[in-house]
Amino acid sequence: MKENRLAASPAAVFIFGLLATITFVGVLHLVGGVALGDLYAPVLTGTFATAGSSSAAVWASWRANFTSADLARVEHDARHDQLTGLSNRIALFEQLEKATEQARVNETTLGVLFLDLDRFKVINDSMGHDAGDQLLRIVANRLQASVRNSDVLARFGGDEFVIICHDLLSEGSVISVAQQILRAFEEPVLLFGRAFTASTSIGIAIAKPGDPRRAEDLVRDADAAMYKAKRSRSGYAVFSEAQRLQVIDRLDIEQDLVKAIDHDEFVVYYQPLVNVRKRRLYGFEALVRWKHPTRGLMGPGQFLPVAEETGLMAVVGEKVLREACAQAAVWNHLSPDAQFAKMSINIAEQQLLDVNFPSLVAEILDWSGLPAEQLQLEILENVVVDHLDGLSVLRELRALGVDLAIDDFGTGQSSLSYVKQFDMVSALKIDKAFIDEMGSGSANQAIIEAIVAMAKALDLRVVAEGVETKKQVNQLLDFGVEIMQGYLFNMPVGADKIDPDSWFKSRFASSEGLSAVTVTQVFSEAAALPRPPRRG
Ligand code: C2E
Ligand code: MG
Ligand code: MG
């Protein structure tokens, strides 16, 4: 504002300059006796000087105005998110650096909350970006109302928000902020006339006095805790020392994974699926393992999430597809009965999202010589629900003649109604969680019966996963489930442990009156196989 007052008006400069020139020329003509014709040069010089100074005045005035109002606006925009008006990532880190420094000096506790909306992409994709933007604004308002004035709330990017809580009295106070936020999400959101409930997952990093972590470390740790909260669907999770070690471990695994791909360290294990009523082998599920040079045999839970996050899942997935299809083709060659068995292979989200995936499957079938009808692809229920737009890939796969199964069925937070959209799905695999406790009159029993009834109506096969006891076999048979998979029948094993002569010819296939219990015995007698661990 100060510069504004000092800056002369360009019009005033011009008029003043012109008057000065006329007066000067007039004085020269009248008092000095100079002829008018000789006065062209001073007139021109005066006019140019006047125009020059008024241009300089225009520039000075523009600069004066810019440095006050516009500069403030540019500065504000550089530190704020345009959509929500909240602090942006730059401002967040500036304030977090200050806050960590202050907490260190004052020996106070600092909390960082990292929020990520659940299934935001689905809303954006299905209802449009305007609805997505609207939701982000509503969420920003609700968050603002849930935090203290002294807390910093920032939009980190996309559907991610970060909150800095200063001067915490205890760990409990940051947890109550998280709980308050989760309560704020319970109220339905109205988007273009449609009400629905949004939800979020919150990761918390707490820095107690003496904590050496810097601003970016705290955000990274809160982000890692957020992933934990999302995976466990627990709403919020606090970053712990154990998780810190996990993060380091994860980084090691990430580095080793790249080498594992080059060194071909993945192996495929096979677990039988049994049609207990027909008393014959139904097929195998291919389950990947990693023969790690120092850690030993690793299960998929230990490395597939890392492969997914680092974009390596497609490579690992292709290896499994190739190996399992080739193995099934070899068994077909060794035993004509093997041709009735299905090879069921898990497909990850990243694979399903690749538009070229159906042609890869076609190429692998062609390469291995496995008939398409012997291949079944398993897709997790959550993945199917989150990518209803990926249906065209499913349709193309179905058109190849391969079967599609929904894996871990019943664990998704979806309503069953979506199933009717999947005319291309052939089977549902009921998750182990339902099989574990299905005592008579239990909720699980009711769920299994409902799934079987629905599957019958939709002409889908049902497979029960994780069957461990004879009692479960008999209960499942009563509910109308015929195909089962679980440690009771066999653990997943390497292909070298499967003897095609005894497994596919299945002596029990023709033995009428064989009980489910003897099916188990036949399987264990068929080859000297590792037995499932004894329970209790
Ligand atoms: P899933 O597809 O639901 O596979 C069944 C899992 O349950 C397997 O675990 C299997 O070993 C285990 N299981 C089978 N019967 C029993 C039982 O009676 N009791 C118990 N407690 N567990 C049983 P695994 O091999 O650790 O695989 C875990 C998950 O990793 C699989 O769950 C699947 O989602 C994923 N996975 C495995 N291999 C692949 C793969 O090649 N690609 C992809 N995308 N995912 C895979
Ligand atoms: Mg599976
Ligand atoms: Mg499963």
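This report walks through the overall fold, a metal site and some aromatic contacts of a predicted model.

Let's start with the whole chain. It has 21 helices and 17 strands, and 46% of its 536 residues count as buried. Among contacts between residues at least 6 apart in sequence, 69% join residues at least 24 apart. The chain exposes about 27100 Å², with carbon and sulfur atoms supplying 56% of that area.

Now to the metal. The magnesium ion (ligand 3) is coordinated by Asp407 (OD), Asp408 (OD), Glu465 (OE) and Glu465 (OE), at 2.0 to 2.5 Å. Along the sequence, the donor residues of this ion follow the spacing D-D-x56-E. Asp407 also bridges to the magnesium ion (ligand 2), and the two ions lie 4.0 Å apart. Asp407 counts as buried because its relative accessibility, 5%, is under 20%. Asp408, at 23%, is partly exposed.

On to the rings, where the count comes to 11 aromatic pairs. Two of them are set out here:

| Pair | Geometry | Centre to centre | Angle between planes |
|---|---|---|---|
| Phe266 and Trp290 | tilted | 5.9 Å | 45 degrees |
| Tyr270 and Trp331 | edge-to-face | 5.3 Å | 70 degrees |

Tyr270 is buried at 1% relative accessibility, and Trp331 is buried at 3%.

Conventions:
Residues are numbered from 1 along each chain as its sequence is written. Chains are lettered from A and ligands numbered from 1 in the order in which they are written. This is a predicted model: local features need pLDDT of at least 70, side-chain atom pairs count only at pLDDT 80 or more; totals for chains, interfaces and linings use all residues. Side-chain values use heavy atoms; hydrogens and water are left out. Donors are N, O and S atoms within 2.8 Å of the metal (3.2 Å for Na, K and Ca); water is not among the atoms, so sites may look incomplete. Buried means under 20% relative accessible area, exposed over 50%, partly exposed in between (1.4 Å probe, protein chains only). Helices (H or I, at least four residues) and strands (E, at least two) are DSSP runs, numbered from the N terminus. Contact means heavy atoms within 4.5 Å. Accessible areas come from the Shrake-Rupley method with a 1.4 Å probe; for residues, only the protein chains shown count as cover. Rings of Phe, Tyr and Trp (its six-membered ring) pair if their centres lie within 6.5 Å; planes under 30 degrees apart count as stacked, over 60 as edge-to-face and the rest as tilted.
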